[in-house]
Amino acid sequence: MNKQGRPTSIANTAHGGTHNTFTGNKALELEEALLFEIDNPGACGVDLDEPEDYTSRLGNLARQGRIGLPSVSEPEVVRHFVRLSSKNYSIDAGLYPLGSCTMKHNPRLNEKMARLPGFGDVHPLQPQKTVQGALELMYELGHWLKELTGMPGVTLSPKAGAHGELCGMMAIRAALIARGEDESRSRVLVPESAHGTNPATAALLGYKVDAIPANAEGRVDLEAFKAKLGPDVAAIMLTNPNTCGLFERDIVEIAKAVHEVGAYFYCDGANFNAIVGRVRPGDLGIDAMHINLHKTFSTPHGGGGPGSGPVVFSEALAPFAPLPYVVKEKDGSFRLVESEADAEADGTSPFGRMTAFHGQMGMFTRALSYMLSHGSDGLRQVAEDAVLNANYVLASLKDDLTPSFEGPCMHEALFDDRFLKGTGVETLDFAKAMIDEGYHPMTMYFPLVVHGALLIEPTETESKQSVDLFIATLKDLARAAKSNDKARFTGAPYMSPRRRLDETAAARKPVLRWAPPSPAQAAE
Ligand SMILES: *Cc1c(COP(=O)(O)O)cnc(C)c1O
């Protein structure tokens with residue numbers, strides 16, 4: 001326990017084998033209290049002059065007590081955040097095998113570009129003639145996204161993958177409204193192997209979500225899918241490569257069948273990094289697809305942001321893409337189409353807008369920097385190396401863990417918990433033991449189509465040495481689980497700053513506000 005009563009270090013366990021320290025620190029790994037708990041009344045990071053004589057106009061409404069914010073000096077603030085940052089696992093610290101999330105290296109060049117004042121310091125309300133360079137960058141990014149996907153329309157403004165899905169589905173709805181078929185088409189087909197945000201998006205728009213089962217190969221069951229088609233279907237939302245890390249082989253046939261019943265094909269392209277430079281989604285018959293710039297085209301992400309989810313559109317949907325968008329004028333200048341009147345003059349019918357302004361400028365800059373520095377051969381190699389690394393993991397671990405499906409994978413390797421059967425160790429315990437080994441766990445219990453899933457995405461940025469050590473670690477853990485070393489797992493993590501939390505209680509009874517300790521507690 002630390003001074004605030006939170007469980008911290010390991011006391012006398014068989015694993016870890018250290019003792020509690022007086023401070024709660026573990027050598028150079030330092031304990032850190034909340035900022036409110038290190039409140040030091042009177043301390044301040046700046047030296048402000050006393051205000052000149054003034055007469056308060058607040059009468060008896062003037063605040064009597066403290067404002068309730070922590071008082072800390074500059075060194076205290078600096079130490080606080082530096083200590084916290086060192087507890088945060090990041091892609092800059094080590095391999096981050098989170099499946100579906102694509103946690104890969106963000107080149108430092110990206111950061112340099114994003115900080116150029118012409119991109120980093122612009123304001124969304126600046127007159128357009130003063131931000132021509134930024135508009136040109138957006139135009140060029142849109143151009144390359146269209147080029148790489150083989151799709152004629154693009155919108156840049158959505159601020160995450162899920163936001164892009166919403167945007168794409170709103171464009172589909174706008175197209176159905178224009179055809180007078182919005183009322184009659186109320187069903188959206190979503191394969192079981194789709195990302196969870198897909199059914200959530202369809203449901204948010206009021207569609208009935210109809211799940212398509214997966215076949216024994218982890219792909220869409222084609223017959224079951226065809227049986228669900230009908231005149232009331234608005235769209236299919238399909239993730240490709242799907243969340244089992246597999247390419248949907250029947251995708252062209254699926255697109256054809258969807259179009260035959262007058263519905264649209266939405267593809268979740270968050271995992272475009274597996275196919276970029278190799279396959280153009282437009283050639284597969286897709287009508288709308290979001291791309292997670294923060295996955296495929298680098299940008300550090302995690303902890304909820306930043307994200308950017310541009311959407312590309314087919315000929316049929318492009319006119320309904322939302323405001324704003326950038327056009328290039330005959331004289332070579334760039335202009336934002338921001339209003340419906342502008343759009344009408346331009347011959348489009350946007351369904352509305354997704355964001356107050358234009359999207360995530362910093363991420364546009366990082367993504368274009370990533371694309372241009374890789375070039376077309378480099379981007380193709382991104383996909384090839386991502387797939388190669390994942391297959392290396394899959395092949396190396398196939399006798400130690402249980403691969404869920406036969407054959408090679410795309411950018412991520414899926415295992416389930418059959419290898420843990422009878423050991424008393426579960427997927428969660430296995431993942432927690434990885435933390436003691438210095439790894440962020442892989443994605444667990446997702447996708448739902450297999451039991452106790454472990455979904456591993458090494459990405460293309462890991463070296464062979466790094467992947468080899470990771471593989472050796474998982475082999476060692478699997479061996480320990482099978483040879484009855486249960487204690488290594490069920491109490492894990494032993495060595496992290498915080499021990500295993502009661503996740504159920506944290507979800508059901510979250511304590512979201514800090515309260516000062518009562519005087520009785522404080523006196524203890
Ligand atoms: C990450 C991901 C999403 C959601 O993207 P966010 O940016 O987190 O909203 C959707 N689908 C798939 C397949 C993903 O991997």
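Modeller: Gladly! Just after α5, Gly180 takes a positive phi of about 70°. This is a predicted model, where local features need pLDDT of at least 70, side-chain atom pairs count only at pLDDT 80 or more, and totals for chains, interfaces and linings use all residues. Residues are numbered from 1 along each chain as its sequence is written, and side-chain values use heavy atoms, with hydrogens and water left out.

Now the helix itself: α5 covers residues 161-178. Its 18 residues should span 26 Å at 1.5 Å a residue, and its end C-alpha atoms are 26 Å apart, which agrees; the expected span is 1.5 Å times one less than the number of residues. Among the buried residues of α5 are Gly161, Gly164, Glu165, Gly168, Ala171, Ile172 and Ala175, where buried means under 20% relative accessible area with a 1.4 Å probe, protein chains only. An α-helix has 3.6 residues a turn, so residues three or four places apart point the same way.

Stepping back, the chain has 16 helices and 13 strands, taken as DSSP runs (H or I, at least four residues, for helices; E, at least two, for strands) and numbered from the N terminus. Of its 524 residues, 47% count as buried. The C-alpha trace spans about 75 × 75 × 45 Å along its principal axes. Residues 24 or more positions apart account for 70% of the contacts with a separation of 6 or more, a contact being heavy atoms within 4.5 Å.

Notes
Buried < 20%, exposed > 50% of the residue type's maximum accessible area, 1.4 Å probe, protein only.
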